[in-house]
Amino acid sequence: MDLFSVFGNLLYGLGVALTPTNLTVAFVGLILGTAIGVLPGLGGTNGIALLLPLTFNLPPTSAIILLASVYWGALFGGAITSILFNIPGEPWSVATTFDGHPLAQQGKPGIALTAAFTSSFLGAAVSIVLFTFFAPPLAEWALRFGPPENFAVLLLAFATFTGLGGGDPAKALFMTGLGLLLSTVGFDIVSGQPRMNFGFVELQSGVSFIVIAIGLFGLGEIFLTVEEGLRLRGIAGRVGFRDLWEMWRMLPRFWATIVRGTILGFWIGVLPGTGATPASFMSYGLAKQFSKHPERFGKGEVEGVVAPETAAHAAGIGALLPMITLGIPGSPTAAVMLAGFFIWGLNPGALLFQTQREFVWGLIGSMYITNVLGVLIVLTMVPVFAAINRIPFGVLAPLIVILSSIGAFAVNNQVLDLWIMLGSGVLGYVFKKLKYPLAPLVVALVLGDMTEQALRQSLIMGQGSLLIFVTRPIALTFLLAGLFLFLLPLVRGLRGRRPRAPEPVTAG
Amino acid sequence: MRRADTAFALLLVVGAAIMIREALRLPIAWTAIGPGAGFFPFWLSVGVAFQGVIILIRSLRVPAPPGREVPFVEPEAWRPLLVAFLPMVAVIAAINYLGIYIGGALYLAGYMIFVGRHHWTSVILISILLPLGLFLIFERWFLLPMPKGLILEHLLFGR
């Protein structure tokens, strides 16, 4: 893969993304996504799961552009609610409230918003370039993987949830196992034998991942919000030319924070099981540590808005890298998109780059365009989006419930799925209250079939011996790395000083 | 909250045990086509059960907090939770008659009256217009067939 072919492919991808249909789709996706991001209680993961049924009748390229645009929009939108309402619209914008809302209270909402959008834009722009040049060689390398390598990579992905996901490692491991176990419901992929269905014919097609995601993330979140009794009181804000000028003049001062946030965010995003939320917290923490005035953080320091927003967007882009090259989602939101691949009839993984040029490069090309389009939309339309939060909760909550039901039903057209959705909603509520991380469950559920297939094929290759994983160097390296990550929490526990765990990853 | 943690972990272990039993109905050993259909689910459910036991034991070893124990759900939060949840059960149970649109409209109206305490004019207006808008979006433009229920089918097609 030489540089020229990357440029050629990129130009081709930009062409695909600029066709009127795809441009319209991107625009609609951005507006919807920003609205989803603004609304607390309706998250990016759930929003994309809800919109997935709408893509069934679209060509795959337009479908992925729609979902990706919704993701980018949601990343932008979360900041608006954080800054103006002091309530994070999304988990990844929690850190943005720390300094964003104080700034708004001091009468500078425009500065805070400009800072958030500009740094998001910069973090994303650099990450997209990194993405463009990292993805093709990675995919080419992964083409040489056999089943043992694939299994080892998947194991490494699950290990990162346990080792780096934050929160209780025992619970993260449990949730990974549960997700894999749920994916076995239906029928055996090798022998075609029905299994784990407890005698229910309806379960033979398996439990739909999207239905469970809608329940866990959508209804679970609604129950939590209902319990807290959400009341929104916001500060009116718009972005004027004065704000742009004032903020952009400050920008060069933050170059170190932006570079650090971008690299950190991109890397954390690439690691499966993490995503935008921990990236934003870590970037905020680092900016505070490196700052000459750490005492100003939390009281309306512009740098405290720049740091988490840069990292969150960089991580959002990074999370798509393992998804498109290896078929392993870097975050729950990416997992929902990956579930879409199967529905659109595509096999995620290294072969995608060879066989689906339009799809892959159309998506990459659209990233460049939606990032520019997105920042223009949010800068000009802040008051419109902020007005969404005037929708009273008494209307919003039932509306989300109705949309969730429509989304869940559309997947298989069966009423049983509505019950599964409701059950997952209750479970999601309990899981969240008892601090069981949802991300490992969701990602394991999507990757279950792939994992089982890779394991069983490896065992057949090795004629039943596990030695096959040891004799192949790439597989062995991944396995050792995975083992290290699995054992990391254990070692930390033995040393007796558990570092303060970051927020458990809920979405991203 | 401590007791809820233990109780839930216990529930998960029981669930995993049921999954083990279900997996044992399949061949779990080496067969003519390699590992049997039950191989993966069996070892996973064993692992999940084991992990559940660990969570259970750890939940028992958490010391009691000083002062008041935080309940899993605060007493005053039960009402809003049940107001959101129980009507959902009712609407899904009656989905064959109501369909998603009429069921949704009723749910919306009820929620606006009992939680939002909105004026009755806005209740009527919103709970009619919003489901109507959704109907147009999903049935007309995206051609996704939703359960319309006997009532709506009758109104639309006279059946």
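Between chain A and chain B, seven residue pairs are in polar contact, both residues of each pair being at pLDDT 80 or more. A polar contact is a pair of N or O atoms within 3.5 Å; within protein, one atom must be able to donate a hydrogen and the other to accept it, and residues adjacent in sequence count only if both atoms are side-chain atoms.

On the side of chain A that touches chain B, the elements giving two or more residues are α8 (169–183), β2 (194–195), α9 (209–228), α18 (393–412), α19 (416–433) and α20 (438–461) of chain A. Helices (H or I, at least four residues) and strands (E, at least two) are DSSP runs, numbered from the N terminus. The largest share of this side, 13 residues, comes from α18(A). The table sorts the residues of this side by class, with the members of each class named.

| Class | Residues on the side of chain A that touches chain B |
|---|---|
| Nonpolar (Ala, Val, Leu, Ile, Met, Phe, Trp, Tyr, Cys, Pro) | 41 residues |
| Polar (the others, Gly among them) | 13 residues |

The model is predicted: local features need pLDDT of at least 70, side-chain atom pairs count only at pLDDT 80 or more, and totals for chains, interfaces and linings use all residues. Residues are numbered from 1 along each chain as its sequence is written, chains are lettered from A and ligands numbered from 1 in the order in which they are written, and side-chain values use heavy atoms, with hydrogens and water left out.

In total, 62 residues from chain A and 60 residues from chain B take part in the contact (heavy atoms within 4.5 Å). The buried area between the two chains is about 5500 Å², and carbon and sulfur atoms give 83% of that. Buried area is the accessible area (1.4 Å probe) that two parts lose on being put together, summed over both. Two salt bridges are counted between chain A and chain B (a side-chain nitrogen of Lys or Arg within 4 Å of a carboxyl oxygen of Asp or Glu). A salt bridge joins the side chains of D168(A) and R58(B), at 3.2 Å from N to O.

Chain B has six helices and two strands, which run α-β-β-α-α-α-α-α from the N terminus on. Its C-alpha atoms fill a box of roughly 60 × 60 × 25 Å along the principal axes. Of the 159 residues of chain B, 41% count as buried (under 20% relative accessible area, 1.4 Å probe, protein chains only).

Notes. Buried < 20%, exposed > 50% of the residue type's maximum accessible area, 1.4 Å probe, protein only.
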